[in-house]
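Welcome! Have a look at the structure below, and then we will walk through a few of its packing features together.

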Amino acid sequence: MIALINRIVGLPLLILLSALVVIAFISLQVGAMHIQPGRLLTGQLSDLERGVLLNIRLPRTIGAMIVGAMLAVSGAALQGLFRNPLVDAGIIGITTGATFSAVLVIAFSTLFPVVLQKILGYYLLPFFAFSGSVGVCYAIYHFSKRFGKTDISMLILAGIAFNAIFSALTGLVIYFSDDAAIRTFTFWSMGDVGGISWEKLLFMLPVFVLTLRYFHRIQHTLDVLSLGESEAGHLGISLKLTNRNIIIASAMCVGVSVAFCGSIGFVGLVVPHIIRTIFGPAHRFVIPMSVLGGAILLLLADIFARTIVMPSELPIGIITSVIGGPFFMYLLFKHKRRMQ
Amino acid sequence: MIELNNVSLAKKGTPILQNVSLRVRSGRFTVIAGRNGAGKSSLLNILSGEEKAFSGEVTLNGRPIQTYSLSTLAKMRAVLPQSNQPGFAFTVEQVVELGAFPFAVSGDIKRAIISDILDKLDIARMRKREITTLSGGERQKVHFARVWLQAKLSPHPCPTVFLDEPANNLDITCQHEIFSLLQQECVQNRLSVVAIVHDINLAARYADDIIFLKSGRLLRCSAADQCLKEDILEEALGHPVTVLHHPCSSCPLIIPQSNRESTLKRMISIKIDAEGIFEPELTFVSEDSKIYRQGRFWQKGTF
């Protein structure tokens with residue numbers, strides 16, 4: 001059955017796409033203020049409902065989809081680069097690196113005039129978060145490589161070290177900062193897609209399109225990379241360039257997500273793994289399916305986050321971690337069994 | 001044709017190769033042999049264009065090899081490194097298909113060639129299996145199939161295949177299957193093969209040319225029949241050997257000996273010189289003083 005689905009690439013893509021549309025539709029209705037589906041379809045909304053829909057629900061839904069897609073696809077690409085399914089931006093410290101840079105720039109932005117702060121918030125923040133994630137990603141890459149192979153224990157240990165260092169530094173900056181812009185520690189450690197506005201979307205969208213085009217282009221390259229570094233070189237891939245580009249593109253995805261939604265863990269780990277289990281490891285499936293799968297997962301998590309304790313909201317990262325944590329343990333056990 | 005002129009290579013101050021000058025001819029089956037640590041893999045990496053940190057001059061078809069881009073090289077030569085497990089559970093077919101990565105070929109042509117290769121290597125039945133579930137030997141065959149696909153699709157008039165110990169993990173049948181396929185391709189399709197081979201009899205059976213390396217220096221690079229001599233082999237492999245005529249084919253048969261056998265053989269040679277009865281290379285004396293002639297027990301006794 002799976003083999004048959006595999007042959008018709010279009011069908012599963014179509015199924016996921018329709019699922020995404022349905023879930024997005026549900027996401028537009030539910031929350032502290034429920035909008036009737038009939039009214040939503042016919043467009044007969046009250047002014048308040050229209051306001052909630054256009055200014056809150058719609059950007060939030062689109063934003064959650066984009067962030068989910070970016071996290072999942074960058075997870076898939078990083079796993080391809082490190083040749084290991086255990087890699088996730090959160091686990092190996094890339095997210096905390098980005099978080100630290102973001103918190104730092106907000107803390108220091110209070111030194112500037114208010115107008116400049118606004119500009120810094122939208123433009124410099126993602127840029128700094130991106131530099132933080134690129135820095136950690138490069139460091140991790142060099143730490144974990146031994147004789148052209150990824151040493152998984154080095155990777156996880158370096159990840160623990162980076163996570164510890166950057167979480168502590170982030171906590172320190174937040175502790176000494178009284179700026180409202182930093183809001184709460186929860187935002188940076190657990191994530192929140194509630195704050196996504198049209199302005200932020202305007203910034204996220206080009207990054208999303210750009211990185212998506214790049215990841216789509218390198219699907220086959222990622223397949224070849226999983227053979228090993230020298231094999232990839234023999235097949236004509238310039239490793240230095242490809243590795244650098246994958247790191248930059250993934251770091252852009254993670255950086256932008258962190259800058260606007262805080263750190264949302266495990267999406268990049270869980271989604272590509274589920275896709276691989278169903279469709280096999282070929283990246284021409286993994287990349288497009290991860291985009292849709294990530295969007296679906298984060299949107300579902302967001303729907304849960306705002307309905308479970310209504311009218312209040314749970315941080316979205318709690319939902320993804322509740323799913324992702326046990327899943328990561330399961331992967332570790334599976335990895336251990338394979339090693340034996 | 002690949003030409004090395006006074007090539008040296010050092011890693012972290014340790015010399016790996018020193019002043020190697022040789023020529024690898026197109027359309028020939030060239031074997032690189034020598035002891036562990038003699039610099040065989042490094043030489044293969046230099047020849048295949050992977051290792052660039054050497055001094056001296058390496059030219060591929062008259063042009064310095066460093067001036068070729070990786071993608072151009074990928075269209076001219078394929079490389080089989082020592083076995084490596086892929087990061088994900090790709091199927092056999094998917095792994096083989098990666099050999100077509102450097103080329104823009106239509107799916108139908110690709111599939112037809114892949115089927116042909118899988119049939120020839122007798123792995124068609126496992127095409128849907130995950131590579132992680134295969135044995136070492138089966139995996140080696142799959143990677144060989146990938147490399148072969150790359151060489152097959154090459155638009156170059158005489159593509160080269162570089163193989164680092166291709167016989168690893170393979171049983172005798174598979175070894176001969178793969179080596180005779182390669183030899184056939186050399187003759188029919190002007191494929192050049194450069195392979196590191198430890199089994200000297202396998203090399204003797206299939207190689208046109210042999211490169212012997214010793215401690216990073218070139219010991220000999222010539223046609224196989226000229227260098228498969230006892231003295232050269234003993235120096236290259238660091239072990240006494242006896243070279244016999246193969247009973248079924250024209251290639252030499254090389255038998256490694258223990259040091260004791262080697263002394264006994266010398267004793268026999270001396271005796272024979274005096275009496276002129278036995279052909280020396282066909283007579284052995286085992287440790288319990290049994291005398292063997294032409295591989296069979298002859299009589300007990302000593303010389």
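How are H4(A) and H12(A) oriented to each other? Their axes cross at roughly 150°, and H4(A) and H12(A) are therefore roughly antiparallel (angles over 145 degrees). This is a predicted model, in which local features need pLDDT of at least 70 and side-chain atom pairs count only at pLDDT 80 or more, while totals for chains, interfaces and linings use all residues. Residues are numbered from 1 along each chain as its sequence is written, chains are lettered from A in the order in which they are written, and side-chain values use heavy atoms, without hydrogens and water.

**H4 with H12**
- Helix H4 spans residues 47–82 of chain A, and its axis comes within 9 Å of that of H12(A).
- Residues of H4(A) that meet H12(A) (contact means heavy atoms within 4.5 Å) include Val67(A), Met70(A) and Leu71(A).
- By class, this contact of H4(A) with H12(A) has 12 nonpolar, four polar and no charged residues.

**H9 with H12**
- Helix H9 (residues 198–217) and helix H12 (residues 239–261) of chain A pack at an angle of about 155°, with axes 10 Å apart.
- H9(A) and H12(A) are therefore roughly antiparallel as well.
- Among the residues in this contact are Lys200(A) and Phe203(A) of H9(A) and Thr242(A) and Asn245(A) of H12(A).

**Chain A with chain B**
- The contact takes 25 residues from chain A and 22 residues from chain B.

Technical notes: Axes fitted to C-alpha atoms, helices over the stretch in contact; angles between N-to-C directions. Helix = DSSP H or I, 4+ residues; strand = E, 2+ residues; numbered from the N terminus. Parallel < 35°, antiparallel > 145°, perpendicular 65-115°, else oblique. Nonpolar A, V, L, I, M, F, W, Y, C, P; charged D, E, K, R; others polar.
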